[in-house]
Protein chains: 4
Amino acid sequence: MPSKLLNILFVGDIVGDPGLSLLETILPSLIDKHEADFVIANGENSHEGKGINRSIIQRLYDLGVDVITGGNHSFAKWKVFDYMKEDANILRPMNYPKGNPGYGFGVYDLSDSDQKIGVLNLQGRTFMNAIDDPFSTADWVIERMKEETDIIFVDFHAEATAEKMALAWHLDGEISMFVGTHTHIPTNDARLLPNGTGYISDAGMTGSFDSVLGMDKNTSMKRFKLGTPHRYRLANGNNHLCAVLGKVDIETGKCKHIEPIIYPSFQSNSLEE
Amino acid sequence: MPSKLLNILFVGDIVGDPGLSLLETILPSLIDKHEADFVIANGENSHEGKGINRSIIQRLYDLGVDVITGGNHSFAKWKVFDYMKEDANILRPMNYPKGNPGYGFGVYDLSDSDQKIGVLNLQGRTFMNAIDDPFSTADWVIERMKEETDIIFVDFHAEATAEKMALAWHLDGEISMFVGTHTHIPTNDARLLPNGTGYISDAGMTGSFDSVLGMDKNTSMKRFKLGTPHRYRLANGNNHLCAVLGKVDIETGKCKHIEPIIYPSFQSNSLEE
Amino acid sequence: MPSKLLNILFVGDIVGDPGLSLLETILPSLIDKHEADFVIANGENSHEGKGINRSIIQRLYDLGVDVITGGNHSFAKWKVFDYMKEDANILRPMNYPKGNPGYGFGVYDLSDSDQKIGVLNLQGRTFMNAIDDPFSTADWVIERMKEETDIIFVDFHAEATAEKMALAWHLDGEISMFVGTHTHIPTNDARLLPNGTGYISDAGMTGSFDSVLGMDKNTSMKRFKLGTPHRYRLANGNNHLCAVLGKVDIETGKCKHIEPIIYPSFQSNSLEE
Amino acid sequence: MPSKLLNILFVGDIVGDPGLSLLETILPSLIDKHEADFVIANGENSHEGKGINRSIIQRLYDLGVDVITGGNHSFAKWKVFDYMKEDANILRPMNYPKGNPGYGFGVYDLSDSDQKIGVLNLQGRTFMNAIDDPFSTADWVIERMKEETDIIFVDFHAEATAEKMALAWHLDGEISMFVGTHTHIPTNDARLLPNGTGYISDAGMTGSFDSVLGMDKNTSMKRFKLGTPHRYRLANGNNHLCAVLGKVDIETGKCKHIEPIIYPSFQSNSLEE
Ligand SMILES: [Fe+2]
Ligand SMILES: [Fe+2]
Ligand SMILES: [Fe+2]
Ligand SMILES: [Fe+2]
Ligand SMILES: [Fe+2]
Ligand SMILES: [Fe+2]
Ligand SMILES: [Fe+2]
Ligand SMILES: [Fe+2]
């Protein structure tokens with residue numbers, strides 16, 4: 001008899017109100033449909049595309065989100081820093097140097113189980129800010145978490161696919177799920193690595209896809225064409241949720257199934273056809 | 001009555017012999033199954049992971065590839081430069097500055113049709129080498145190609161998802177298909193943009209996925225952990241082909257359907273489950 | 001008999017009010033002492049460290065500055081854009097793509113002479129924004145300017161010493177002076193290149209050296225140590241002017257002398273010694 | 001009565017045989033002239049522009065060099081790695097992650113004195129490889145070295161002037177001298193920081209200045225103009241030594257004097273003038 005599976009639902013970078021509104025509409029039914037036991041969401045872009053604030057945190061909790069992860073925009077809005085110090089369910093990448101506010105990982109109780117789940121948020125360095133090494137940071141944290149649980153979820157917020165794959169190979173067998181974030185585009189490579197870690201390079205974002213990464217596409221085009229700064233504005237329209245569902249053996253911490261969830265699905269066929 | 005559809009099959013970055021061997025096994029039946037009318041393949045990594053050579057070019061033609069695109073590794077092996085000057089079916093990114101060998105675009109005859117297809121290879125600049133502007137280069141080339149055909153395929157070899165989306169929005173309605181390459185990871189966002197361009201952020205690679213981007217995973221992990229140079233070696237094993245299929249209205253050049261093709265599909269379920 | 005020499009004084013990046021105040025104190029006497037015939041100043045940081053505005057432009061003209069050059073911060077304050085379109089004596093790097101406001105070069109009358117001087121502002125791309133190629137842009141502009149004068153001054157705003165040296169070699173003999181800016185640190189390599197171009201890798205800045213590049217040193221240290229954003233503030237104290245003096249043969253446009261000017265000079269000896 | 005001063009001579013990045021030959025000609029007389037008590041030289045480019053080898057190390061020792069520092073090219077030639085593990089007078093940047101060969105700092109006896117000198121080699125991260133934090137690494141090493149001596153020399157191998165200034169401010173008063181390397185261009189900002197650290201942003205290189213950073217200028221121009229790889233070759237001609245002389249109070253470790261030494265000096269005046 002196989003042991004019980006823990007269904008973990010991860011929601012990719014929520015970008016501003018379009019992302020939050022869509023989440024409010026869809027998340028409850030998704031949780032229901034997939035019998036999600038634990039919900040994690042990346043909130044680094046939830047406050048107008050950059051950062052997060054206390055009322056958004058509450059909205060996410062109310063929707064059933066258990067843990068909120070972050071990324072390079074976690075430190076964009078200093079007003080939330082004090083709160084980040086108090087609430088252990090809000091994470092920001094662990095490998096930001098000592099001296100920054102907030103937590104980078106946590107071990108949380110699971111309802112309906114005496115097991116726990118560890119969640120670790122890390123950030124890459126290739127094409128990104130120079131912070132501490134995510135590889136050795138992961139080793140250090142995971143060793144600590146292993147004392148409490150074998151069910152470990154990692155959100156690796158990184159730009160380069162090479163760094164994502166390299167860290168995933170480094171952690172294969174040590175963790176249950178490895179989900180990439182930051183590029184805001186879902187990848188099509190959800191798979192089980194040989195030693196039992198469920199992997200996907202990027203979960204994608206939850207927000208407007210009539211955009212460039214959730215922000216106004218005209219501003220973005222202007223920046224690329226002119227090479228000069230132009231103020232980012234949030235986009236709206238053609239909103240999609242990008243998420244990942246993993247099923248983890250609650251005894252061994254091995255991942256048994258991983259799949260991307262995109263809702264609504266992208267239109268890849270002409271209506272008139 | 002809808003007009004005839006042109007089936008375009010694009011194969012993502014072929015990495016070394018593992019990629020080439022897999023292609024030899026699968027491509028003919030894929031062409032058959034999907035009734036591909038025109039086959040394009042990115043060959044920038046086909047020669048041991050870096051560059052291409054004349055015998056590989058011939059192998060690709062023999063398999064049914066019509067046009068070979070490139071990227072940042074197109075200029076890795078100088079022995080092929082003379083050949084690149086002669087053969088208009090080998091492309092390298094058009095926006096490399098004048099003075100570099102080879103072609104960046106071409107307009108090709110379609111068999112069984114009096115129509116033509118234009119293929120344009122471009123490269124991004126974000127987190128990449130400083131070369132000419134892909135936006136204005138695209139405008140210049142597309143205006144020229146439009147004199148001969150409305151069926152236009154763009155391979156945009158770029159790192160940043162933002163640059164891919166921005167250029168795609170800039171070209172939406174002007175071209176038939178926009179396929180990203182370079183990250184070696186297939187994305188899950190194949191879709192029709194509102195003005196008729198079929199889009200996907202990255203086709204992914206054709207090569208070993210027991211690897212980091214087709215290269216030995218241990219070397220890659222070493223580079224990330226130690227920060228020092230270590231010689232890349234080609235990986236082998238768990239080989240997959242990543243491709244994209246588009247169906248384009250042969251009269252209007254509008255894309256009617258776009259879908260990723262991954263073969264064999266990634267294992268996302270535990271066998272024992 | 002040697003022909004008359006034109007004395008060109010160039011003032012490096014002026015950073016905020018500390019730089020402007022120092023300039024107001026020193027520039028008139030410097031012009032006098034060195035019998036400067038033409039004064040150029042880089043103003044990209046003159047408005048609180050970032051950008052420039054109309055009243056600062058006027059202050060600089062009043063001090064005897066003939067032409068104001070810029071850099072990556074030239075487009076920081078949009079309020080000055082309209083003015084940049086009208087005033088041909090304010091330059092910003094020429095190789096920003098078409099569509100941006102302002103001029104990148106100009107040919108100006110010299111008082112007490114029927115000769116003219118061409119001034120060209122360019123920006124590098126290594127470790128900087130992806131804009132147009134400074135090499136081919138320089139070729140194009142210089143060919144135009146050569147129709148009017150052989151006296152040509154280039155302010156190359158760039159980060160990497162390699163790019164500065166490479167462009168200088170490319171232009172040696174074509175221009176009179178090549179002065180680098182942007183790093184805010186004066187270099188000690190003022191020299192005449194073999195074909196007659198006076199060269200220095202960086203003029204340095206005019207502002208507070210009790211700082212990091214003219215900005216508050218504590219903020220800067222925090223950014224490096226923590227890896228997170230902290231608001232820049234202007235520094236003040238230990239203010240120095242960094243400039244370059246060149247003497248150019250008014251007939252041939254060849255540089256005959258180039259020297260750095262730092263005022264007051266840095267304290268490199270202990271007072272008590 | 002002032003206490004005895006220790007004269008420290010630092011030679012900037014030696015680039016290949018042109019640099020080594022010049023050093024062999026000049027260094028002995030320089031040591032003599034300036035009564036140098038301790039000689040440090042950066043050797044990261046001494047072997048044909050990239051890396052170092054055992055015979056070059058011996059040549060440097062024979063010339064009177066006491067300690068050899070390195071940089072991003074220290075790991076270019078693996079043949080020297082075993083030797084680096086044995087010889088504590090060869091340094092490479094300390095903040096390369098654990099697992100790399102060699103030493104990053106050392107405390108050395110001074111002849112004619114019962115004092116010791118600590119030498120620390122660090123590397124920057126801005127526009128460079130992601131390695132460990134130089135700030136906290138410096139703190140850790142300096143605390144250790146302080147147990148043995150107050151005379152501490154830091155070679156900070158870094159690209160960005162901001163990172164150099166920021167680290168220097170962080171260490172001002174803790175160390176005797178802070179000398180930047182890596183850009184290969186000497187800076188003109190040698191000065192005493194307020195708490196007694198002698199500072200210069202870059203010592204410059206020792207090698208051919210008829211070049212781009214010591215390498216063939218035509219290759220370099222080609223790389224910038226074409227955006228494609230071209231094999232680097234060593235340059236020769238117009239060779240200069242760039243060094244820094246510091247005088248440090250042997251009791252307190254405070255720097256009393258710092259000056260750049262460039263030999264021969266650059267030609268900044270036309271001969272015919
Ligand atoms: Fe994000
Ligand atoms: Fe992010
Ligand atoms: Fe590739
Ligand atoms: Fe590539
Ligand atoms: Fe500046
Ligand atoms: Fe600048
Ligand atoms: Fe060097
Ligand atoms: Fe270096």
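## The iron pair in chain C

The iron ion (ligand 6) and the iron ion (ligand 5) lie 3.3 Å apart, and C:Glu44 coordinates both. C:Glu44 sits in the loop between β2 and α2 (54-63) of chain C, while C:Asn72 sits in the loop between β3 (67-69) and α3 (81-86), so this pair ties together parts that are 28 residues apart in sequence. The model described here is predicted.

Four residues coordinate the iron ion (ligand 6) at 2.1 to 2.2 Å: C:Glu44 (OE), C:Asn72 (OD1), C:His157 (NE2) and C:His182 (ND1). Along the chain these donors follow the spacing E-x27-N-x84-H-x24-H. Angles among the four donor atoms run from 85 to 151°, and the site is irregular. A tetrahedral site would need all angles between 85 and 135 degrees. C:Glu44 has a relative accessible area of 2% and is therefore buried. C:Asn72, at 24% relative accessibility, counts as partly exposed.

## The iron pair in chain A

In chain A, A:Glu44 bridges the iron ion (ligand 2) and the iron ion (ligand 1), which are 3.3 Å apart.

The protein donors of the iron ion (ligand 2) are A:Glu44 (OE), A:Asn72 (OD1), A:His157 (NE2) and A:His182 (ND1), at 2.1 to 2.2 Å from the ion. The donor residues are spaced E-x27-N-x84-H-x24-H in sequence. The angles among the four donor atoms are 85 to 150°, and this site is irregular.

## The iron pair in chain D

In chain D, D:Glu44 coordinates both the iron ion (ligand 8) and the iron ion (ligand 7), with 3.3 Å between the two ions. D:Glu44 is in the loop between β2 (38-42) and α2 (54-62), and D:His157 is in strand β6 (residues 152-157), so the two residues tie together parts 113 residues apart in sequence. D:Glu44 and D:His157 are both buried.

For the iron ion (ligand 8), the coordinating atoms come from D:Glu44 (OE), D:Asn72 (OD1), D:His157 (NE2) and D:His182 (ND1), at 2.1 to 2.2 Å. Their spacing in sequence is E-x27-N-x84-H-x24-H. With angles of 85 to 151° among the four donor atoms, the site is irregular.

## Where chains C and D pack

Helix α6 (residues 217-226) of chain C packs against helix α5 (residues 161-171) of chain D at an angle of about 100°, with the axes 9 Å apart. The two helices are therefore roughly perpendicular to each other. On the α6(C) side the contact is made by C:Lys217, C:Ser220, C:Met221, C:Phe224 and C:Lys225, and on the α5(D) side by D:Ala162, D:Glu163, D:Ala166, D:Trp169 and D:His170. By class, this contact has five nonpolar, two polar and three charged residues.

## Two buried residues of chain C

C:Leu226 is in helix α6 of chain C. C:Leu226 is buried, with a relative accessible area of 14%. Apart from neighbours within four places in sequence, C:Leu226 is in contact with A:Tyr96, A:Pro97, A:Lys98, A:Gly99 and A:Asn100. C:Leu226 and C:Gln115 are 111 residues apart in sequence, and their C-alpha atoms are 54 Å apart in space.

C:His34 lies in the loop between α1 (16-33) and β2 (38-42) of chain C. With 14% relative accessibility, C:His34 counts as buried. Not counting residues up to four places away in sequence, C:His34 touches C:Asn7, C:Leu245 and C:Ile261.

Key
Residues are numbered from 1 along each chain as its sequence is written. Chains are lettered from A and ligands numbered from 1 in the order in which they are written. This is a predicted model: local features need pLDDT of at least 70, side-chain atom pairs count only at pLDDT 80 or more; totals for chains, interfaces and linings use all residues. Side-chain values use heavy atoms; hydrogens and water are left out. Axes are lines fitted to C-alpha atoms, for helices over the stretch in contact, and angles run from 0 to 180 degrees between N-to-C directions. Helices (H or I, at least four residues) and strands (E, at least two) are DSSP runs, numbered from the N terminus. Angles under 35 degrees count as roughly parallel, over 145 as roughly antiparallel, 65 to 115 as roughly perpendicular and the rest as oblique. Contact means heavy atoms within 4.5 Å. Ala, Val, Leu, Ile, Met, Phe, Trp, Tyr, Cys and Pro count as nonpolar, Asp, Glu, Lys and Arg as charged, and the others, Gly among them, as polar. Buried means under 20% relative accessible area, exposed over 50%, partly exposed in between (1.4 Å probe, protein chains only). Donors are N, O and S atoms within 2.8 Å of the metal (3.2 Å for Na, K and Ca); water is not among the atoms, so sites may look incomplete. Four donors count as tetrahedral if all angles lie between 85 and 135 degrees; four count as square planar and six as octahedral if opposite donors are over 155 degrees apart and all others between 65 and 115; anything else is irregular.
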